[in-house]
Amino acid sequence: MSGSADPEGLLRIEVFHHLLAAAAEEMGGALQRSAFSANIKERLDFSCAIFGRDGELVAQAAHLPVHLGATPLSVEAVLAAHALEPGDVAFQNDPFEGGTHLPDITSVAPVFAPGAEQPTFYCVSRAHHADVGGAFPGSMAASRDVHGEGLRLPPVRMVRRGEVDRDLLALFLANVRVPEERRADLFAQIAASRAGERRLHDLMQEYGADELERRARDLVAWTEALALEAIEGLPEGEWAFEDRLEGGADGTGALLPVRVTLTHRGGRLRFDFRDSADQALDGSPVNTTRAVTLSAVLYGIRLLLPPETPTNAGVLRHVEVLTRPGSVVDASYPAPVAAGNVETSQRLVDVVLGAFERMLPGRMPAASAGTMSNLSFGGVRSGSGEAFTHYETHGGGAGAGSRRSGAHAVQTHMTNTRNTPVEALENEMPVRVVRQTIRRGTGGAGARPGGDGIVRRLRFLTDVRVSWLAERQREVPYGVAGGQAGARGEALVRPRGASQDERLTPKAALDLPAGSELELRTPGGGGHGVD
């Protein structure tokens, strides 16, 4: 690795990089161990990071790209609303105040150096809660506007000087399903904040608060230097790329273009998304916020940097991202946004990498599955009458690259969550996994073929309300350098008593009686090169 610091200085920066990243990892461990929902404790659908006193990302754990790249705007919104005091924890999920979609709840807790009057660092976590209200369990069904998707939280101090605001907590819990689980997951985020705070205090005691803060600034500056060096090595010019989202409340409406123009001049990159489609107000949930667009750009640039480069605010110091408020990639109130964080984020990565492929022919991978294949379901348990909800994303095929074939049945790009193990899913939910396997032959052909998707078939043991949100059901994942496209995804349903499966629309919400079955077939990745 190169950079402006001397070898001894680089070593010191690297040491503090790992110390700060380890604090974020420790937060993640506390969050996972304390949570109740399978979505957090099994699938690891959460992210943790350390921010500096100025609200800039300093270090992160190896968690979810879509969370971490979008979190800075949430932190900015919290700091604009509150002067946080020792022991405070603020929560926020409002898409129009720095959030992404409603199930992703962000916590921000200040860390004060001994004797300091202002926070030196902030411990931040973002966790996808399995339900935050709305018409359908899981809070991920298509809706006419954001109000139908669940409960919006502006930046609120749920914990004040170490004491939980019981009234605010009661208000939140009254608007969600399975409140005991939601309460536990919120408290798990508080536990994560406390774990990060303890670790940072330990580091301050060992190295000194001023030294720790100085090294954090050095870390961001070093990352900026590495990113600038990489950017300056890119060709200068302008390149454009376009892909499409499957619009309409059920995903069968007009296709919505996502367009980017990538420009490189004088060591500065500009990503211009302003020509993308207007936000959809017909019930389509694919609108997304500017925070998610920034996250996709951060991810795309990070792929061009040396593998050991830290991920922090320095990555974007020489990057400009232009969006148009009221567009599908910079939604304005009251647009629905449930699928923006999970689906549009993937399409944004596809167009960013597509533009880089035109800048650097043959070096970028083909499109991966391009969807998180979101399934939510919930209902009431037979016998006990207890409510339950479950949310899960599903992997697909990875796009092939210039040197290797795409991986089968994996989470790609903006998500790196796990799947819920069959044993855990069947133990915690009234459902049986009838089939789970690789969807053979769905990767695009090429000199290096794309990866295959998956097949998962479920049988529900009680009546359920189900929502399904997916992309790449009409538009295929593209191949690169003559490689073929990957196969589209699809979902099938067989209600109890029916003799055959019926195909679902790309976005669907329905009630199913006990004994019904649902089968998900996720897309493959595109191939690379001529076979």
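1. A salt bridge here is a side-chain nitrogen of Lys or Arg within 4 Å of a carboxyl oxygen of Asp or Glu. In this predicted model, the count by that rule comes to 41 salt bridges. A network of them links R457, R459, E490, R494, D501, R503, E517, E519 and R521.

2. E213 pairs with R53, with the closest N and O atoms 2.4 Å apart; R53 sits in the loop between β1 and β2, and the two residues are 160 residues apart. E213 counts as buried because its relative accessibility is 11%, whereas R53 is partly exposed at 41%. E224 forms a salt bridge with R317 at 3.0 Å, and this pair joins α6 to the loop between α7 and β11.

3. D243 and R472 form another salt bridge, at 2.8 Å. D243 lies in strand β8 and R472 in the loop between β16 and β17, 229 residues apart. Both residues are buried.

4. Do have a look at K507, in strand β19. K507 has a relative accessibility of 2%, so it counts as buried. The side chain of K507 reaches the backbone oxygen of A470 at 3.0 Å, and a polar atom of that side chain lies 3.2 Å from the backbone oxygen of E246. Contacts of K507 beyond its sequence neighbours include D250, P285, W468 and E471.

5. Finally, helix α3. Its 17 residues should span 24 Å, and the end C-alpha atoms are 26 Å apart, which agrees. There is a kink of about 40 degrees at T71, shortly before the proline P72. T71 is buried, as are other α3 residues including L68, V75 and V78.

How values were computed
Residues numbered from 1 in each chain as written. Predicted model: local features only at pLDDT ≥ 70, side-chain atom pairs only at ≥ 80, totals over all residues. Heavy atoms only, no water. Helix = DSSP H or I, 4+ residues; strand = E, 2+ residues; numbered from the N terminus. Buried < 20%, exposed > 50% of the residue type's maximum accessible area, 1.4 Å probe, protein only. Polar contact = N/O pair within 3.5 Å; in protein donor to acceptor, adjacent residues only side chain to side chain. Contact = heavy atoms within 4.5 Å. Expected span 1.5 Å × (residues − 1). Bend = angle between axes of the 7 residues up to and from the residue. Lists of a residue's contacts leave out its neighbours within four places in sequence.
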